[in-house]
Amino acid sequence: MRVGIDIGGTGTRIVAIDHLGTVVSEIDTPTVDFAQCETPQARIDLMVSKVSNVLNGSQATSIGIGVSGPMDLRNGLIDNLDTLPAFTGLKIAEPIAKAFDVDVWIDNDAVAAAHAELYLGKFANSKKPDSLLAITLGTGIGVCVLGPSGPFRTIDGQHPEASHISVEGSGHECYCGLTNCWEMAASRRALERITLESGGDISVALKEYSIGLSNGLASLVTLFRPKAIVVGGSVSQYWPKLGPMVRSHLSKLKEVPTDLQIWPSGFGVNGGAIGAALLPEHLTGFVARRKI
């Protein structure tokens, strides 16, 4: 069994998948449960217990972890005080590697989700695009550009926090320091705020929300020129209504290729965890070696 752990700001999902990538067992736990643990060791013990429950007596052949960034890939340290305070400053991979006697790979959750899409999703049995832009719209926004050489990294080797690019708008201050970054315009929390401001009318809210989402996508397409975009996370459930509006906005822009593919993730809430289970196979992220 390959185990994947997806640690998000709202929920932590753990799956066990077989050699075909089929989910055999899964657990969804509110991330706040870890925050309520009195000590870091108690949080680790709870995670080990959850993984053991998913395995249900089976042996883990590998374990991968995707976390809501930022995190330091040089040492596997989670550094996200704003949305993952319970795990910030914690090296979660090492004790899990020790507990289950396997190497554990850890990376940004968007990188994990991108792996699920590229290797088990739409292109699993067909020609893969040269580059895939994976967007996860959840508590925050996860972004990964994945190509043949692996995920795009910054010049210092870290994962870029592209959800904090500046977009149109004002008055919504983010913990990143900007008054209107993309996360403040296009995360699930942003959609919830816009829906409330629209009197609860989701159709009206999605129309406004699509503008902020499209603005950020346009900037990323201009920078990275991906062949395809996949949109995951909880907001992707609205894609039947949201997708046509986003495509309409992007079609008006000169820098967006006319043949650019955009589609919603087919993995639902499991995408990040399934992708995390693939990180060891592709040697992606920071690795905590089991002690031999």
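## Basis

Residues are numbered from 1 along each chain as its sequence is written, and side-chain values use heavy atoms, with hydrogens and water left out. The model is predicted: local features need pLDDT of at least 70, side-chain atom pairs count only at pLDDT 80 or more, and totals for chains, interfaces and linings use all residues.

Helices (H or I, at least four residues) and strands (E, at least two) are DSSP runs, numbered from the N terminus. Buried means under 20% relative accessible area, exposed means over 50%, and partly exposed lies in between (1.4 Å probe, protein chains only).

## Asparagine 80

Asparagine 80 sits in the loop between strand 6 (77-78) and helix 3 (93-100). Asparagine 80 is buried, at 1% relative accessibility. Its contacts (heavy atoms within 4.5 Å) include Ser68, Gly69, Pro70, Pro85 and Thr88, leaving aside residues up to four places away in sequence.

The side chain also has polar partners. A polar contact is a pair of N or O atoms within 3.5 Å; within protein, one must be able to donate a hydrogen and the other to accept it, and residues adjacent in sequence count only if both atoms are side-chain atoms. A polar side-chain atom of asparagine 80 lies 2.9 Å from the backbone oxygen of serine 68. The side chains of asparagine 80 and threonine 83 form a polar contact of 2.5 Å.

## Sheet and packed helices

Five strands form an open sheet in the order 10-9-8-11-12, with mixed pairing. Two strands pair if DSSP finds at least two bridges between them. Strand 10 (150-151) and strand 12 (261-264) are at the edges with a single partner strand each, so one side of each has no neighbour in the sheet. Strand 11 (residues 228-232) and strand 12 run parallel, joined by 4 bridges. Valine 231 has proline 264, in strand 12, as its bridge partner.

Helix 4 packs on this sheet, touching strand 8 (132-137), strand 9 (141-147), strand 10, strand 11 and strand 12. Its direction makes about 50° with that of strand 9. Helix 8 (residues 239-251) also packs on the sheet, touching strand 11 and strand 12, and its direction makes about 160° with that of strand 12. Axes are lines fitted to C-alpha atoms, for helices over the stretch in contact, and angles run from 0 to 180 degrees between N-to-C directions.

## Helix 4 itself

At the start of the helix, a side-chain oxygen of asparagine 108 comes within 2.8 Å of the backbone nitrogen of alanine 110.

## Salt bridges

The whole structure holds 11 salt bridges. Each is a side-chain nitrogen of Lys or Arg within 4 Å of a carboxyl oxygen of Asp or Glu. Aspartate 72 pairs with arginine 74 (2.9 Å, N to O). Aspartate 72 is buried at 15%, whereas arginine 74 is exposed at 62%.

Arginine 289 meets aspartate 103 (2.8 Å, N to O). Arginine 289 follows strand 13 (286-288) and aspartate 103 lies in the loop between helix 3 and strand 7 (104-108), so the pair ties together parts 186 residues apart in sequence. Within helix 6 (residues 188-197), arginine 193 and glutamate 197 are 4 residues apart, about one turn. Their side chains form a salt bridge (3.6 Å, N to O). Arg13, Glu26 and Asp28 are linked in a salt-bridge network.
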